Amino acid sequence: MAGAIASRMSFSSLKRKQPKTFTVRIVTMDAEMEFNCEVKKQILDEKIYCPPEASVLLASYAVQAKYGDYDPSVHKRGFLAQEELLPKRVINLYQMTPEMWEERITAWYAEHRGRARDEAEMEYLKIAQDLEMYGVNYFAIRNKKGTELLLGVDALGLHIYDPENRLTPKISFPWNEIRNISYSDKEFTIKPLDKKIDVFKFNSSKLRVNKLILQLCIGNHDLFMRRRKADSLEVQQMKAQAREEKARKQMERQRLAREKQMREEAERTRDELERRLLQMKEEATMANEALMRSEETADLLAEKAQITEEEAKLLAQKAAEAEQEMQRIKATAIRTEEEKRLMEQKVLEAEVLALKMAEESERRAKEADQLKQDLQEAREAERRAKQKLLEITTKPTYPPMNSIPAPLPPDIPSFNLIGDSLSFDFKDTDMKRLSMEIEKEKVEYMEKSKHLQEQLNELKTEIEALKLKERETALDILHNENADRGSTSSKHNTIKKPQAQGRRPICI
């Protein structure tokens with residue numbers, strides 16, 4: 001293109017060229033998944049700076065979207081070993097093993113139980129959009145003095161950065177404070193609404209870069225203004241349909257959760273019955289074994305008593321024989337005196353032997369009586385064991401549980417959506433009600449963000465002891481300084497500023 005090219009364009013003139021109505025494009029699930037994957041890739045490639053604690057939280061939502069609800073029996077230790085979930089900068093910054101990172105990610109992952117895949121991906125994007133570098137397009141520029149700077153264009157406005165610090169802008173120009181944007185050849189001019197503020201001029205390297213910057217400014221400013229207008233009838237209808245669809249999905253999830261709970265209770269009852277049945281079988285087996293041992297003991301005692309009785313009879317027979325021998329010796333006492341003396345000695349010995357045999361016979365008789373008593377006790381134990389076995393085998397069994405799920409409670413309404421019969425008559429009351437709903441959603445989002453920030457701070461405090469200071473990058477140091485000053489929470493301050501009354505239309 002020959003010669004200098006001058007371009008001046010106003011946001012108001014651009015909007016006049018557009019039709020009054022526009023069609024809202026519905027993002028399909030595939031497109032949303034593709035966008036989510038692109039954001040995740042930029043965070044992992046460190047094109048978007050993410051603090052360590054936020055990286056762990058984002059990783060937990062990514063796992064929830066991929067694997068569903070956490071199940072300890074399925075998601076065992078090491079199931080995330082092949083997943084790329086954290087930036088390498090975060091992994092190298094702390095003295096933590098992959099198992100320690102997986103443990104912390106899994107702890108947060110378990111808290112997301114019940115979230116559907118689309119909900120987990122939406123939470124991922126909500127957290128990612130609060131990062132300082134999210135949605136910012138950077139361009140290399142030079143100011144009038146030739147100093148190298150970076151121009152950042154995002155949904156909130158234009159920002160001027162130092163090349164070494166892409167987190168905190170040196171100067172910011174919110175869209176609602178810009179009066180005019182123009183460029184001539186390679187020179188770009190930003191004129192604020194407040195005339196007391198100096199005009200900011202910079203030079204870009206190429207003409208096509210200025211064109212690209214201008215296109216991004218027009219698009220972002222158009223979206224900025226569109227977000228501050230009341231929704232059209234078509235958008236309100238789509239939001240109403242989305243709320244009904246969300247309520248229907250919520251009731252469906254509740255119904256499935258109830259059915260799952262009932263099924264788990266039925267399975268637990270079945271397991272309990274099986275356990276009790278197995279316990280009863282073990283008790284019956286133990287009773288049978290005790291009965292068999294009692295029978296064996298009784299047989300052994302009876303055999304021992306019989307042997308003792310035979311020994312007692314044998315001893316009595318020997319005592320009788322000794323008595324006969326003594327009588328025979330007395331009868332032959334007609335011999336000589338020597339023989340008489342010898343015979344008297346033998347008689348004395350026979351009497352001592354007979355006495356010993358009598359004592360032994362008496363002792364064996366007592367043992368026989370004791371064995372008979374033991375035999376009687378063993379038979380009594382056998383009778384009690386048989387009675388216990390009979391009681392166990394005659395116990396009633398538990399009836400099986402019916403696993404038929406209970407019908408849904410009658411107080412839960414059923415949805416029958418007929419899209420063709422929808423009609424709307426929006427009045428002032430409808431607009432007030434819509435504004436109240438928006439404010440309610442904003443309050444809920446702020447409360448949720450506060451809880452999320454508390455969780456992030458807790459995780460940051462937990463892993464701070466393992467941090468390696470010498471591995472901190474420049475962005476880590478800048479992020480910590482911003483966190484100490486509290487500047488990271490001011491990213492959306494410009495979007496909350498009300499537009500000044502009576503300001504002129506924004507022009508380029």
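Trainee: Buried means under 20% relative accessible area, exposed means over 50%, and partly exposed lies in between, with a 1.4 Å probe and protein chains only. What share of the 508 residues in the chain is buried?

Mentor: Buried residues make up 31% of them. Keep in mind that this is a predicted model: local features need pLDDT of at least 70, side-chain atom pairs count only at pLDDT 80 or more, and totals for chains, interfaces and linings use all residues. Residues are numbered from 1 along each chain as its sequence is written, and side-chain values use heavy atoms, with hydrogens and water left out.

Trainee: What does Trp 101 touch?

Mentor: Beyond its neighbours within four places in sequence, Trp 101 is in contact with Val 56, Leu 86, Val 90, Ile 91, Tyr 94, Met 96 and Ile 463. Contact means heavy atoms within 4.5 Å. Over the chain, take contacts between residues at least 6 apart in sequence: 70% of them join residues at least 24 apart.

Trainee: Back to helix 3. How many of its residues are buried?

Mentor: Helix 3 is mostly covered, with 14 of its 16 residues buried. Its end C-alpha atoms are 22 Å apart, which agrees with the 22 Å it should span at 1.5 Å a residue. The expected span is 1.5 Å times one less than the number of residues.

Trainee: Ser 60 sits in helix 3 (residues 52-67). Buried or exposed?

Mentor: Ser 60 is buried, because its relative accessible area is 0%. Leaving out neighbours within four places in sequence, Ser 60 contacts Ile 105, Trp 108, Tyr 109 and His 112.

Trainee: What's the backbone doing around that helix?

Mentor: Just after helix 3, Gly 68 takes a positive phi of about 80°. Glu 46 is in the loop between helix 2 and helix 3. Its phi is near 65°, a positive value in a residue other than glycine. Glu 46 is partly exposed, at 34% relative accessible area.

Trainee: Switching to cysteines. How many disulfides are there?

Mentor: A search of the whole structure finds zero. A disulfide would be a pair of cysteine sulfur atoms within 2.5 Å. Cys 50 is buried, at 0% relative accessible area. Cys 217 is buried too, at 0%.

Trainee: Now the strands. How does strand 2 (residues 137-143) join strand 3 (residues 148-153)?

Mentor: They run antiparallel, joined by six bridges. Strands pair if DSSP finds at least two bridges between them. The two form a hairpin with four residues between them, and Gly 146 in the turn has a positive phi of about 85°. Strand 2 also pairs with strand 8 (residues 200-204), antiparallel, over three bridges.

Trainee: Which residues does Ile 141 face in those strands?

Mentor: In strand 3, Ile 141 stands opposite Leu 149. In strand 8, its bridge partner is Ser 204.

Trainee: Where does strand 3 go next, and what about strand 4?

Mentor: Strand 3 and strand 4 pair antiparallel over four bridges, with three residues between them in a hairpin. Val 153 stands opposite Leu 158 in strand 4. Strand 4 is joined to strand 5 (residues 171-174) by four bridges, again antiparallel. There, His 159 has Ser 172 in strand 5 as its bridge partner.

Trainee: Why call strand 4 (residues 157-161) largely enclosed?

Mentor: Because five of its five residues are buried.
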